[in-house]
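Please look over the sequence and the structure shown here before reading on.

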Amino acid sequence: MAVAQKISCAGLAPLLPRAPLSVVTGRGHQPFSALNQPRPSSLAEFKVDFHSPVGRGACSLVFAGKHVSTNFDVAIKAMSVALPVETGAIPVAEGIENENKIFNHLLSRGSHPNVVELIGCFGGTGLEAASLGLEAFKEEPVHYFVTELLEGGSLEDRIQHAPLEEEAARRVARSICEGLVSLHDQGIAHRDLKPGNVLFGAEGEATPKLIDFSHAGMMRGQERLAGELGTRGFVAPEVLAAQSYDLKCDVFSLGCLVHALLSGRPPRRHMRIGMMQQLPEGTSQEARHFLSALLNMDAKRPSSREVLQEPWLQE
Ligand SMILES: Nc1ncnc2c1ncn2[C@@H]1O[C@H](COP(=O)(O)OP(=O)(O)OP(=O)(O)O)[C@@H](O)[C@H]1O
Ligand SMILES: [Mg+2]
């Protein structure tokens, strides 16, 4: 079973500051693409602060940095098979392969406002990081994935102490769904949609962005996807059943994510009854109906594009 539980990796903990909890609002933000720069071709074009990671995943460390010639703030996700992996996570080599494939595909297309802007991906020797004390990197090649820096914290941070008001959840859900449609239109399944993989940038809550392509897969033509991967609590039943499946696995995860926004946690699964919604009293019928459609246990749920037409997501 390769479904990641994403529990913490004690060996790296002392390196890690807490992610910011507050959501910055109101500042404008120009994308890197608007600077009309040639696409960066090596890590040497960036100044990276390897001393203090701004985040970590089950199989990565993420650092802040700057594109030197423009001063543009970036995040650099470093992945190496030398990194200790959290129990239950996918093998790093598989995560690197997925991230590489999807990153390179998306780099050649325009970006979407609700998907993190990708700037470049580079191979390295690991010496860049090892020279600054990250011994784990020394022996193995490191892959560096550079994106815009998103400093407003994650959706997971945002619901840590209290769920969102329904109106705020609706707005966030609509934006995430728009980002998802842009991936699905290109045949890309995210496969790890959850509050921790949605970050806020300088525009704050107005612009949630999908991050993290380490679990993503690409469907070409009539091909279907395979592989048990995702995060427990958010993964679709057909993925867990080791069947082949399609992009609608993300629609189920979106349902789990929205349930978590409204109640603080994903829905419970019952062997016989299926998905059990546990929402605050006062949650509207439209929201409950929306969740029932997305959390359909068999994959006859709406496509992400159809989800955008759901009554609950309308203004
Ligand atoms: N663009 C970014 N700007 C700021 N922080 C980021 C950015 N990308 C990632 N991070 C931080 O690094 C963490 C890990 O990143 P990411 O989710 O891509 O890694 P992962 O190893 O694939 O994680 P997972 O545990 O979800 O499999 C994020 O949860 C976030 O805190
Ligand atoms: Mg992640």
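## The shell around the ligand

In this predicted model, the shell around ligand 1 receives at least two residues from each of strand E2 (55-57), strand E3 (60-67) and strand E4 (72-79). The greatest contribution to the shell comes from E2, which supplies three residues.

Altogether, 24 residues surround ligand 1, and the closest of them are Gly55, Gly57, Ser60, Ala75 and Asp212.

## The nonpolar core

The largest nonpolar core has 79 residues, and within it the residues with the most contacts are Ile76, Leu254 and Leu261. Helix H6 (residues 248-263) provides the largest share of this core, namely ten residues, while domain 1 (32-148) and domain 2 (155-314) each contribute at least three residues to it.

If residues up to four places away in sequence are left out, Ile76 touches Phe46, Val48, Val62, Phe63, Gly65, Tyr144 and Val146.

## The chain as a whole

The protein chain contains eight helices and twelve strands, and 43% of its 315 residues are buried. Of the contacts in the protein chain between residues at least 6 apart in sequence, 66% join residues that are at least 24 apart.

Key. Residues are numbered from 1 along each chain as its sequence is written. Chains are lettered from A and ligands numbered from 1 in the order in which they are written. This is a predicted model: local features need pLDDT of at least 70, side-chain atom pairs count only at pLDDT 80 or more; totals for chains, interfaces and linings use all residues. Helices (H or I, at least four residues) and strands (E, at least two) are DSSP runs, numbered from the N terminus. A residue is buried if 20 or more other C-beta atoms lie within 10 Å of its own, exposed if 12 or fewer, and partly exposed in between; C-beta atoms are placed from the backbone. Two residues are in contact if their C-beta atoms, placed from the backbone, lie within 7 Å. A residue is near a molecule or strand if its C-beta atom, placed from the backbone, lies within 6 Å of it. A nonpolar core is a set of buried Ala, Val, Leu, Ile, Met, Phe, Trp, Tyr and Cys residues joined through C-beta atoms within 7 Å. Domain bounds come from an automatic or database domain assignment.
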